[in-house]
Amino acid sequence: MANQDDIFKNIISHSKEYGFIFQSSEIYDGLSAVYDYGQMGVELKKNLRDYWWKAMVQMHENIVGIDAAIFMHPTTWKASGHVDAFNDPLIDNKDSKKRYRADVLIEEHVAKIEGKIQKEVDKAKERFGDSFNEETFRSTNARVLENQAKADAILNRFKDALEKNNLEEVRQIIIDCEIVCPISGTKNWTEVRQFNLMFSTSMGAVTEDSNVIYLRPETAQGIFVNFLNVQKSGRMKIPFGIAQTGKAFRNEIVARQFIFRMREFEQMEMQYFVRPGTEMEWYNHWKQTRMNWHQSLGFGSENYRFQDHLKLAHYANAACDIEFNFPFGFKELEGIHSRTDFDLKAHEQHSGKKLQYFDPELNQNYVPYVVETSVGLDRLFLAVLSKAYIEEKLEDGTTRVALNLPAFLAPIKVAILPLVKKDGLPEKAREIMDMLKFDNACSYDEKDTIGKRYRRQDAIGTPFCITIDHDSLMDNKVTIRYRDTMLQERISIDKLPEIIEEKVSFKKALQSLK
Ligand code: ATP
C-alpha cells in the first residue's frame with residue numbers, strides 16, 4: 001500500500017497525464033500557485049459547479065443567482081475591511097530564506113501533538129477491542145491528558161495573541177514551541193509581519209493612486225452591493241439568498257499543495273439574508289445543509305468534520321469550517337459564517353445609500369443579518385479527485401487506475417467503441433453516438449485494443465463503455481461495460497438512453513438531499 005504522499009504525487013501526475021490540470025504557463029516553467037484546467041478537468045469542474053448551483057438555486061425557491069464583475073469600486077474593499085485587515089502574519093527563516101505563515105506553523109505544530117494523541121487512542125483501541133471506550137480513555141489516560149493540555153495551552157495563547165494583534169507574542173510562541181524550519185532545520189526566525197493578500201492593478205491609462213483597483217479576494221462583496229437591486233427587482237422576501245460562482249484572487253504567502261491553495265481560484269458563495277435575531281437558527285441550518293451536500297457525493301462521512309474558528313473574523317459572530325480529509329490531512333473545504341449586518345452596514349456608511357429591507361410582517365425597516373456559505377471550487381475538485389482516485393490490483397495481477405466518480409460528475413459519460421475499424425462497425429458506432437450525444441458527453445474511440453481503451457476510460461472516470469461488434473449489425477445489441485464492477489452486459493441499443501440517464505442525471509443526487 002502506497003503512503004499518502006505517494007498517492008498525492010500520483011494524483012498530481014494523473015491529473016496532468018489525462019488532461020485534468022496543467023501548471024499555468026508551463027512552457028515558461030510555470031507560474032507559482034496558478035493552474036489551468038484541461039479538457040477533462042473543465043468538464044468535472046463544470047459538473048461540480050452545476051451540482052452546487054442546482055442544489056442551492058434550482059432547489060430553493062428563495063435563492064437566486066447573480067454574476068457580478070471581478071473589478072469593483074475600490075471603496076468596496078475599504079468598507080469590507082479588506083484594505084485594513086485582510087492580512088496574514090508571515091515569518092521568514094533567516095537560514096533557508098523561506099517564508100511561512102506564522103499561524104500555519106503553529107497550527108501544524110498543534111496538529112502534530114493531536115496526531116500523537118490519536119496514535120495513543122488507536123493503539124488502545126486495538127488492544128482493548130470491543131470493550132474500548134474512547135471517551136473514558138481520552139479523559140483518563142495520563143499521556144493523552146498531558147498532550148491535550150499542551151495543545152490547548154498553545155492554542156489559547158495563540159488565540160489571545162491574535163485577538164490582541166500581538167505579533168511579538170506570535171513569534172514567541174513559535175520560539176517556545178521550538179518550531180524549526182522544515183528546510184533548514186533551524187529556529188533562526190525573523191519577526192512576524194502582516195501582509196495584505198489583495199492583488200491590485202490600475203484602471204484607465206493614467207497610473208495614479210486614485211486609479212488603483214483590486215482583484216476581488218472574495219465573491220461575497222459583489223452580492224452585498226447588489227443586495228437591494230436583487231431584492232427589489234426580484235421582489236424577494238426575507239429570508240432569501242443570493243448565490244454566485246466566480247474567480248477570486250489572493251496573493252497567498254505560501255502557496256503549496258497543488259490546487260489546495262492557489263493565487264487565482266474559484267469560489268461558490270451564497271449569502272442568506274435573514275431577520276436579525278434569527279441568524280443562529282439559519283447558521284445551524286446551513287451548516288447541516290452544506291454538510292449533507294458534501295456527503296451526498298458518497299466519499300464517506302468519516303472524511304468530513306466541522307471545525308469551529310479559533311478566532312472570529314472581524315465581521316462574524318459565529319463561524320466554522322467543513323474540513324475534508326485531504327491526502328495531507330484534514331483541512332478547510334468550506335466556510336460557514338454568520339456575518340451579522342457588518343457588510344451591509346459598512347456599505348451603507350461608505351456609500352451613503354440605505355441598504356435596508358422593509359419587513360411587512362413586522363412593519364419595520366432593518367438591515368438584514370447574513371449567513372454565508374463559501375466553498376472553493378478548486379478545493380472541492382481536489383477533494384473529489386483525491387478520494388475518487390484508486391489504484392487497484394486485479395485478479396490477473398495487473399493494476400488498474402480508475403476514477404470512481406459519481407456518474408453524474410464524470411467528464412465523459414459514455415465511451416463508444418467499435419471493436420474494429422472496419423466492416424461497418426465505425427458507422428454503426430457513429431449512429432449510436434448521434435443518438436446519445438444530445439443528452440450526454442460522449443467520446444468516440446477506435447484506436448488500440450478494446451482492453452486498452454477500457455483502461456483509458458477508467459482513468460478519466462467514464463461510467464459506461466459501449467462496444468459495437470459484428471453481431472451488433474445483425475441483432476442491434478451492444479456490450480455495455482460498467483466502470484466500477486467491470487461487468488459486461490449485452491443489451492439492446494434502444495435501451496441505452498434509459499440505462500445511462502438513470503445513472504448520470506443530477507436528479508437522484510438532488511433528491512437525496514431532501
Ligand atoms: P484558508 O484558511 O485555507 O486560507 P480561508 O479561511 O481564508 O481559507 P475563506 O475566506 O473562508 O477561506 O474562503 C472560502 C473558501 O474559499 C475556502 O473554504 C476555500 O475552499 C476557498 N479558498 C480560499 N482561499 C483559497 C485559495 N488560496 N485557493 C483555493 N481555494 C481557496
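Thr 399 touches Glu 391, Glu 392, Lys 393 and Arg 455, residues up to four places away in sequence being left out of the count, where contact denotes heavy atoms within 4.5 Å. The model is a predicted one, in which local features need pLDDT of at least 70 and side-chain atom pairs count only at pLDDT 80 or more, while totals for chains, interfaces and linings use all residues. Residues are numbered from 1 along each chain as its sequence is written, and side-chain values use heavy atoms, with hydrogens and water left out. Thr 399 belongs to strand 18 (residues 399-403); helices (H or I, at least four residues) and strands (E, at least two) are DSSP runs, numbered from the N terminus. With a relative accessible area of 41%, Thr 399 is partly exposed, given that buried means under 20% relative accessible area, exposed over 50%, and partly exposed in between (1.4 Å probe, protein chains only). Between Thr 399 and Gln 457 the separation is 58 residues in sequence and 15 Å in space, C-alpha to C-alpha.

Met 291, by contrast, is buried, with a relative accessible area of 5%, and is located in helix 11 (residues 279-295). Not counting residues up to four places away in sequence, Met 291 touches Tyr 304, Arg 305, Phe 306 and Ile 322; of these, Tyr 304 lies 13 residues from Met 291 in sequence and 7.9 Å from it in space, C-alpha to C-alpha.

Helix 5 (residues 102-128) comprises 27 residues and reaches 40 Å from its first C-alpha to its last, close to the 39 Å expected at 1.5 Å a residue, the expected span being 1.5 Å times one less than the number of residues. Its buried residues include Asp 103, Leu 105, Ile 106, Val 110, Ile 113 and Glu 120, and among the elements covering the buried residues of helix 5 are strand 4 (87-92), strand 5 (99-101) and helix 7 (142-163). After helix 5 comes Gly 129, with a positive phi near 60°.

The axes of helix 14 (residues 425-436) and helix 17 (residues 496-504) come within 11 Å and cross at roughly 50°, axes being lines fitted to C-alpha atoms, for helices over the stretch in contact, with angles running from 0 to 180 degrees between N-to-C directions. Helix 14 and helix 17 are therefore oblique to each other, since angles under 35 degrees count as roughly parallel, over 145 as roughly antiparallel, 65 to 115 as roughly perpendicular and the rest as oblique. The contact is formed by Ile 432, Met 435 and Leu 436 of helix 14 together with Leu 496, Pro 497 and Ile 500 of helix 17.
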